[in-house]
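Trainee: Could you walk me through how to read some local features of a protein model, one by one? I would like the general idea and then the case at hand.

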Amino acid sequence: MTTQQALFTEALQYIPGGVNSPVRAFSSVGGTPIFFKRAQGAHLFDTNNQQYIDYVGSWGPMIMGHNHPKIQKKLTEQIILGLSFGSPTALETKMAKKITQMIPSIQQVRMVNSGTEAVMSAIRLARAYTKRHKIIKFSGCYHGHVDTLLVQAGSGALTCGIPDSAGIPEAVTQDTLVLPYNDISALKSIFTQYATEIAAVIIEPIAGNMNCVIPDIQFLQALRDYCTQYDALLLFDEVMTGFRVHSGGAQARYQIMPDLTILGKIIGGGMPVGAFGGRQEIMSYLAPLGPVYQAGTLSGNPMAMAAGLQNLILIQETKNLYDELEARCQHLLQGLQEHAHAHHIPFSFNYAGGLFGFFFSDQTPKTSHTLTTDQKNYFKLFFHGMLKKGIYFAPSPYEAGFMSFAHTTDLINETIQASQSVFETMTTYHTSSI
Ligand SMILES: *Cc1c(COP(=O)(O)O)cnc(C)c1O
């Protein structure tokens with residue numbers, strides 16, 4: 001048994017499935033998850049000191065690269081001052097001010113400890129503010145493991161409230177309406193049908209949880225228009241897109257303003273942080289000012305604020321960060337595509353800022369999609385082939401990829417180079433499946 005296998009075997013005994021978040025278990029690619037012990041820049045190092053070029057970036061936060069010296073310094077300084085006080089700190093105001101300066105639609109913001117918690121609180125706030133119950137979400141969008149939102153439509157069909165997970169009573173999801181992504185006519189008919197009942201529409205303004213799916217600008221505009229017309233709130237879940245596709249999030253990239261914005265991942269700089277914010281008039285419904293209860297023992301924790309604030313400062317200080325990240329995504333994906341096509345393997349891709357996705361198909365999807373067996377098998381072969389060459393992509397074909405400012409041209413070229421022989425080995429599958 002390798003040390004990696006031994007570590008996983010032991011983890012399986014004490015942790016359900018051996019992991020604290022399901023995608024880490026490698027279920028969709030097979031094999032043993034890698035146990036890492038160190039990270040630096042664009043690299044991860046496993047427990048055997050094997051080095052990997054990392055395109056996961058802890059699922060988003062590491063936009064400036066792992067273990068940035070300035071974040072490390074802020075954390076070290078804070079450790080000496082104390083880990084948590086359970087009372088206000090000036091650091092929280094600095095963080096809130098920074099977020100309002102960067103994200104255009106946010107005037108006030110409340111910090112929490114995860115994206116899930118932020119979504120859950122924003123939904124409660126939206127329902128209280130509108131005095132309505134129904135929530136529209138889109139198939140293929142993930143908003144954390146919030147009970148009301150763990151619902152998904154099968155193959156883009158409109159469904160009402162069938163929970164995706166055991167343990168969620170149907171009563172909890174009966175006010176959740178699921179629509180296909182990028183479908184304006186479905187949106188129109190649901191607003192007509194439930195005109196006075198819809199509290200909020202929640203969406204990933206670029207969908208990063210069904211690989212990477214790009215919205216039609218007209219679709220986002222229609223969302224804004226219908227919400228305004230019917231007095232519903234528009235919620236952008238920017239936990240993934242916030243500070244990743246633009247310093248002002250997808251709302252700044254597309255110039256479409258939501259009523260509430262949900263943040264996470266990058267704002268923690270690697271620490272567990274979430275936040276939600278919007279106009280002062282809506283945010284004042286929160287306790288202690290208003291009737292919506294929301295609280296957290298460790299919310300606004302100084303360690304988390306120190307790391308997150310420094311991450312945002314680095315983002316602001318880096319000139320042309322998003323053009324640069326986008327150019328790197330283009331370089332990587334174009335390179336991979338050329339090698340794939342040279343071996344007659346279908347390959348298409350999407351990217352926005354430092355977020356990307358690739359598909360073993362000729363066209364990128366516009367909405368929630370189910371992969372074919374061939375596409376899944378291609379992905380498994382690609383994933384494991386690249387892993388053997390020291391390149392770590394997300395271990396699922398439904399997850400996005402993350403480019404960081406630490407991914408140099410040389411590292412991207414190394415990745416493209418490595419893919420050549422991986423695609424070569426994949427042609428065996430290709431010919432055997434015909
Ligand atoms: C990751 C993610 C969440 C959940 O955040 P957690 O911190 O994992 O709870 C919610 N929404 C989106 C769009 C995400 O990508």
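Mentor: Let's begin with Ser58, which sits in the loop between strand S3 (51-54) and H2. Keep in mind that this is a predicted model.

Trainee: What is the phi of Ser58?

Mentor: Ser58 has a positive phi of about 55°, although it is not a glycine. Its relative accessibility is 39%, so Ser58 counts as partly exposed. The loop between S3 and H2 also holds Asn67. Phi of Asn67 is near 55°, again a positive value in a residue other than glycine. With a relative accessible area of 34%, Asn67 is partly exposed.

Trainee: Which peptide bond is cis?

Mentor: Look at the bond from Ala287 to Pro288, which is cis with omega near 10°. Pro288 belongs to the loop between helix H9 (280-283) and helix H10 (302-317).

Trainee: Now to charges. Why can side chains pair up?

Mentor: Side chains of opposite charge can pair when their charged atoms come close. The cut-off here is a Lys or Arg side-chain nitrogen within 4 Å of a carboxyl oxygen of Asp or Glu. By this rule the count comes to eight salt bridges.

Trainee: Which residue forms a salt bridge with Lys134, and are the two buried or exposed?

Mentor: The partner of Lys134 is Asp175, and their closest N and O atoms are 3.0 Å apart. This pair links distant parts of the chain, 41 residues apart: Lys134 is in strand S5 (residues 134-138), and Asp175 is in the loop between helix H5 (170-173) and strand S7 (176-179). Both Lys134 and Asp175 are buried.

Trainee: And where do helices come in?

Mentor: Take Glu326 and Arg253, a salt bridge whose closest N and O atoms are 3.0 Å apart. Glu326 lies in helix H11 (residues 321-342) and Arg253 in helix H8 (residues 249-254), so the pair ties together parts that are 73 residues apart in sequence. Glu326 is partly exposed at 22% relative accessibility, and Arg253 is partly exposed at 31%.

Trainee: How many residues apart are Glu324 and Arg328?

Mentor: They are four residues apart, about one turn of the helix, and both lie in H11. The cut-off for buried is under 20% relative accessible area. Arg328, at 14%, therefore counts as buried, whereas Glu324, at 33%, counts as partly exposed. There is also a network of salt bridges that links Arg224, Asp259, Arg279 and Glu281.

Trainee: Which residues make a nonpolar surface patch?

Mentor: Ile79, Ile80 and Leu83 make one of about 340 Å². Ile80 lies in helix H2 (residues 69-81) and is exposed, with a relative accessible area of 72%.

Trainee: What is the volume of the second largest pocket?

Mentor: About 520 Å³. Of the 22 residues that line this pocket, Glu92, Arg110, Met111, Ser299 and Gly300 are the closest to its centre. Its lining comprises nine nonpolar, eleven polar and two charged residues.

Definitions and conventions:
Residues numbered from 1 in each chain as written. Predicted model: local features only at pLDDT ≥ 70, side-chain atom pairs only at ≥ 80, totals over all residues. Heavy atoms only, no water. Patch = residues over 30% accessible without salt bridge, like charges linked within 9 Å, V, L, I, M, F, W, Y side chains within 5 Å. Areas by Shrake-Rupley, 256 points an atom, 1.4 Å probe, with all protein chains shown as cover. Helix = DSSP H or I, 4+ residues; strand = E, 2+ residues; numbered from the N terminus. Buried < 20%, exposed > 50% of the residue type's maximum accessible area, 1.4 Å probe, protein only. 1 Å grid on protein atoms, 1.4 Å probe; cavity = no way out; pocket = protein on both sides within 12 Å on 5 of 7 lines; lining within 4 Å. Points joined across faces, edges and corners; volume = space filled by probe spheres on them. Nonpolar A, V, L, I, M, F, W, Y, C, P; charged D, E, K, R; others polar.
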